[in-house]
Amino acid sequence: MKIFAALVVIAFAIVGTSANKHCYADVENACNNNDPDDSLRNCNALYSGFEHAEAGMMEFTVMQIQSSFEYLLLSTKYNTHVKNRPGFSKKFRELSDRSWNHGIDLIKHITTRGGKMEFRTVEKPRLLFEHTLELDELQSMAIVLENEKFLAKTAHHIHQNASHANHSTHYDPEVAHYMEEKFIEDQADTIRQFSGYANDLKNFMKEKSQVALSIYLFDEYLQKQ
């Protein structure tokens, strides 16, 4: 019993020492000062290396939302009486919805981990598409493919920073797992899909006299997918 009691005392002593820099110490200080409004700055959901990943995740969020609007603009371009391409419109709308959902999911995850989505502090990402409405079908596929590669590289960078063993303060396996599960595999599939679309469409358009028919048939193919 004496040994057990001694262990309990030691355990509480260790907790008390470690708590001096954490939430418990904040609560103790607030109570001792009789100030219920005293800031409990350490009583939050931040832990591990998330603070080092937060800025990159906020930038990635803005990229996803911006991509969503750009893809939506492409989808609208191919759903008019001038460019009646329902298959292309469908594919770009699917990408737009996916990127929007990714952006919302990122915001939820950032706040779950104790962060705060600050749109004003994020440097505006590069313009993804220039002269979007002037792109033809093959150019649209190519620019989407390039943008998805850019998003994938950004996701890889966040994952690397969170999982790099040489930076113990940056290490956050939860962030690394989240990026891998939600984005990395999904974007690999998307890149593979749109690289196939771009190359197939290019081959179909080799016969110059049949370009219009080739694009029409390819659009039919996209509708059925």
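Let's start with a charged pair: Glu-137 and Lys-83 bring their side chains together in a salt bridge, at 3.0 Å from N to O. Glu-137 sits in helix α5 (residues 137–163) and Lys-83 in the loop between α3 (50–77) and α4 (86–112), so this pair ties together parts that are 54 residues apart in sequence. The model is a predicted one, where local features need pLDDT of at least 70 and side-chain atom pairs count only at pLDDT 80 or more, while totals for chains, interfaces and linings use all residues. Residues are numbered from 1 along each chain as its sequence is written, and side-chain values use heavy atoms, with hydrogens and water left out.

A salt bridge here is a side-chain nitrogen of Lys or Arg within 4 Å of a carboxyl oxygen of Asp or Glu. By that rule, the count comes to nine salt bridges. Helices are DSSP runs of H or I with at least four residues, numbered from the N terminus.

Back to Glu-137, which has another partner. Arg-85 also forms a salt bridge with Glu-137, and the closest N and O atoms are 3.1 Å apart. Arg-85 lies in the loop between α3 and α4 and Glu-137 in helix α5, so here the linked parts are 52 residues apart in sequence.

How covered up are these residues? Buried means under 20% relative accessible area, exposed means over 50%, and partly exposed is in between (1.4 Å probe, protein chains only). Glu-137 is buried, with a relative accessible area of 3%. Arg-85 is buried as well, at 19%, whereas Lys-83 is partly exposed at 24%.

Now for another pair: Lys-116 and Glu-118 meet through their side chains in a salt bridge of 3.7 Å, N to O. Lys-116 is exposed, with a relative accessible area of 55%, and Glu-118 counts as partly exposed at 25%. As for shared partners, salt bridges join Lys-83, Arg-85 and Glu-137 into one network.

Glu-181 is exposed, with a relative accessible area of 51%.

How values were computed
Helices (H or I, at least four residues) and strands (E, at least two) are DSSP runs, numbered from the N terminus.
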